[in-house]
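I opened my notebook to go through one protein model.

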Amino acid sequence: MGEHDITLTVNGTDERLTVESRTLLIHALRDELGYTGPKVGCETSACGACTVHVDGDAVKSCALLAVQADGAEITTVEGLEGGPEDALHPIQESFHAEHGLQCGYCTPGMVMTTAQLLADDSAPTRDEIRAGLKGNRCRCTGYQNVVDAVETAASRAEEDR
Ligand code: FES
Ligand code: FES
């Protein structure tokens, strides 16, 4: 099995690591670098729990080999900026306020997808929110509250503008 030296910038920190050819980005982030915010759900690109931002785009990190991300800027849920240090991001606050999480396993992926969704469209309709989150599954099936949370996050961002 081949090994590769790669560099990733994760949440603003330059990281150097050696990965096997087969190592998925999610495993490099969690197992090699200790960024445990992104979760492993299915490893088949179905659930969205592993979603991170790669060079600004929301990506399922089980769908990418770590070597493919060599040189990329990665943001995990731990590095989402938007509030005072150590405070919850406004999207996280909205998920909390609207009971948009139950066990919380899907939440990091939901939050990262929501961040991209709201960056692309600051005032999505409920149908657009549902369409935007269609790649993120919640085993606790709390989708109604998730949509409420995204709506709340959008309106709070609008108030702050
Ligand atoms: S773990 Fe990546 S989509 Fe499910
Ligand atoms: S809150 Fe449990 S999987 Fe979504």
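**Ground rules**

I took helices (H or I, at least four residues) and strands (E, at least two) as DSSP runs, numbered from the N terminus. The model is predicted, so I noted that local features need pLDDT of at least 70 and side-chain atom pairs count only at pLDDT 80 or more, while totals for chains, interfaces and linings use all residues. Residues are numbered from 1 along each chain as its sequence is written, chains are lettered from A and ligands numbered from 1 in the order in which they are written, and side-chain values use heavy atoms, with hydrogens and water left out.

**Entry 1: the whole chain**

I counted 5 helices and 5 strands in the protein chain. From the N terminus, I read them as β-β-α-β-β-β-α-α-α-α. The C-alpha trace spans about 50 × 30 × 25 Å along its principal axes.

Next I looked up the radius of gyration, taken over C-alpha atoms; the globule rule is 2.2 Å times the number of residues to the power 0.38. For 161 residues a compact globule would have a value near 15 Å, and the chain's 16 Å agrees with that.

I then checked burial: buried means under 20% relative accessible area, exposed over 50%, and partly exposed in between (1.4 Å probe, protein chains only). Of the 161 residues, 43% count as buried.

For charges, Lys and Arg count as positive and Asp and Glu as negative, while His and the chain ends are not counted. I found 12 positive and 27 negative side chains. The centres of the two sets lie 9 Å apart, with each charge placed at NZ of Lys, CZ of Arg, CG of Asp or CD of Glu.

**Entry 2: helix 1**

Which residues of helix 1 are buried? In this helix, residues 25-32, I listed Leu25, Ile26, Ala28 and Leu29. Their cover includes strand 1 (3-10), strand 2 (13-20), strand 3 (51-54) and strand 5 (73-75). Glycine 34 follows helix 1 and has a positive phi, near 85 degrees.

Histidine 27 is also found in helix 1. Its relative accessible area is 22%, so I marked histidine 27 as partly exposed. Contact means heavy atoms within 4.5 Å. Not counting residues up to four places away in sequence, histidine 27 touches Glu32, Val40 and Glu43.

**Entry 3: the cores**

A nonpolar core is a set of buried Ala, Val, Leu, Ile, Met, Phe, Trp, Tyr and Cys residues joined through side-chain atoms within 4.5 Å. The largest one has 20 residues, and Ile91, Phe95, Met110 and Val150 touch the most other members. Helix 2 (90-97), helix 3 (107-120) and helix 5 (143-160) each give two or more residues to this core. A second, separate core has 17 residues, including Leu8, Val54, Ala72 and Ile74.

Leaving aside neighbours within four places in sequence, isoleucine 91 is in contact with Val111, Thr114, Ala115, Leu118 and Ala153.

Is histidine 96 buried or exposed? Histidine 96 lies in helix 2 and counts as exposed, at 57% relative accessibility.

Asparagine 11 sits in the loop between strand 1 and strand 2. Its phi is positive, near 50 degrees, though asparagine 11 is not a glycine. Serine 45, in the loop between helix 1 and strand 3, is another non-glycine with a positive phi, about 70 degrees. I marked serine 45 as partly exposed, at 33% relative accessibility.
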